[in-house]
Amino acid sequence: MSSSTPQGLTRFNTADAGEAQAALHEVCASRAWGSSILARRPYATADALFAANDAAMAELTADDLAEAMAGHPPIGRPKPGDATSNREQSGMAGAPDELRTEMLELNLSYQEKFGHVFLICASGRTGEQMRDAIRNRIDNTPEQEREIVRVELGKINRIRLNRIAEGEPA
């Protein structure tokens with residue numbers, strides 16, 4: 001690690017395994033993903049950490065993805081008191097009641113069809129964009145949706161890992 005390694009990344013690299021594992025669990029609820037990221041420490045750069053995320057995402061089984069998704073609240077209903085969830089879903093914060101109701105109905109239909117929450121990298125998206133995405137994806141096959149979820153989860157993880165590398169909470 002060079003002196004140009006971000007302070008947060010240095011802290012993550014030198015944290016004991018339990019502390020690092022807890023931080024990774026805040027990023028992604030998949031134990032397999034967390035173990036893979038932990039095993040590759042230390043990271044010289046944030047880009048190396050992101051590459052490890054991409055590799056770990058590619059290795060996740062369907063069960064690992066299900067475990068990861070279980071850690072995410074439905075769009076439009078962030079976990080109470082969870083700053084990360086609220087920040088990431090801020091596009092729904094000021095949504096009109098009509099849109100919130102539609103998202104609830106779409107989330108329930110999606111969950112009934114696929115057996116898990118609708119997962120999308122919500123950061124920077126409006127409520128309408130998230131609604132349009134769920135409308136477009138609800139007709140996918142389970143196999144198609146699993147791969148889209150893998151990509152979306154990878155994006156979410158990358159945003160959260162960047163926060164760790166910069167020394168902020170995930």
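Analyst: Contact here means heavy atoms within 4.5 Å. The model is predicted: local features need pLDDT of at least 70, side-chain atom pairs count only at pLDDT 80 or more, and totals for chains, interfaces and linings use all residues. Residues are numbered from 1 along each chain as its sequence is written, and side-chain values use heavy atoms, without hydrogens or water.

Start with the largest nonpolar core, which has 44 residues. (A nonpolar core is a set of buried Ala, Val, Leu, Ile, Met, Phe, Trp, Tyr and Cys residues joined through side-chain atoms within 4.5 Å.) The residues with the most contacts inside this core are Phe 12, Trp 33, Ile 37 and Ile 75. Helix 1 (7–14), helix 2, helix 3, helix 4 (46–59), helix 5 (62–69), helix 7, helix 8 and helix 9 (142–165) each give this core at least two residues. (Helices are DSSP runs of H or I, at least four residues, numbered from the N terminus.)

Take Phe 12. Apart from neighbours within four places in sequence, Phe 12 meets Ala 20, Leu 24, Ile 37, Arg 41, Tyr 43, Leu 49 and Ile 164. Two of these, Ala 20 and Leu 24, belong to helix 2's contact with helix 3, and so does Ile 37, from the helix 3 side.

Now that helix pair. The axes of helix 2 (residues 17–27) and helix 3 (residues 31–39) come within 9 Å and cross at roughly 130°. (Axes are lines fitted to C-alpha atoms over the stretch in contact; angles run from 0 to 180 degrees between N-to-C directions.) Helix 2 brings Ala 17, Ala 20, Gln 21, Leu 24 and Val 27 to the contact. Helix 3 brings Trp 33, Gly 34, Ser 35, Ile 37 and Leu 38.

Leu 49 leads on to the next pair. The axes of helix 4 and helix 9 come within 10 Å, crossing at roughly 150°. From helix 4, the contact uses Ala 46, Leu 49, Phe 50, Asn 53, Asp 54, Met 57 and Ala 58. From helix 9 come Arg 150, Leu 153, Gly 154, Asn 157, Arg 158, Leu 161, Asn 162 and Ala 165.

Leu 60 sits in the loop between helix 4 and helix 5. Leu 60 is buried because its relative accessible area is 5%. (Buried means under 20%, with a 1.4 Å probe and protein chains only.) Setting aside neighbours within four places in sequence, its contacts are Ser 30, Ala 32, Trp 33, Leu 65 and Arg 150. Leu 60 and Arg 150 are 90 residues apart in sequence, yet 8.4 Å apart in space, C-alpha to C-alpha.

Asn 107 lies in helix 7 (residues 97–114). At 4% relative accessibility, Asn 107 counts as buried. Not counting residues up to four places away in sequence, Asn 107 touches Pro 74, Ile 75, Phe 118 and Ile 134.

Phe 118 also contacts Arg 137, which is in helix 8 (residues 127–137). Arg 137 is buried too, at 8% relative accessibility. Beyond its neighbours within four places in sequence, Arg 137 reaches Tyr 110, Phe 114, Phe 118, Leu 119, Ile 120, Glu 145, Ile 148, Val 149 and Glu 152.

Gly 127 is also in helix 8. Gly 127 is buried, with a relative accessible area of 0%. With neighbours within four places in sequence left aside, Gly 127 contacts Gly 91, Met 92 and Leu 99. Gly 127 and Gln 21 are 106 residues apart in sequence and 32 Å apart in space, C-alpha to C-alpha.

Note on methods:
Buried means under 20% relative accessible area, exposed over 50%, partly exposed in between (1.4 Å probe, protein chains only).
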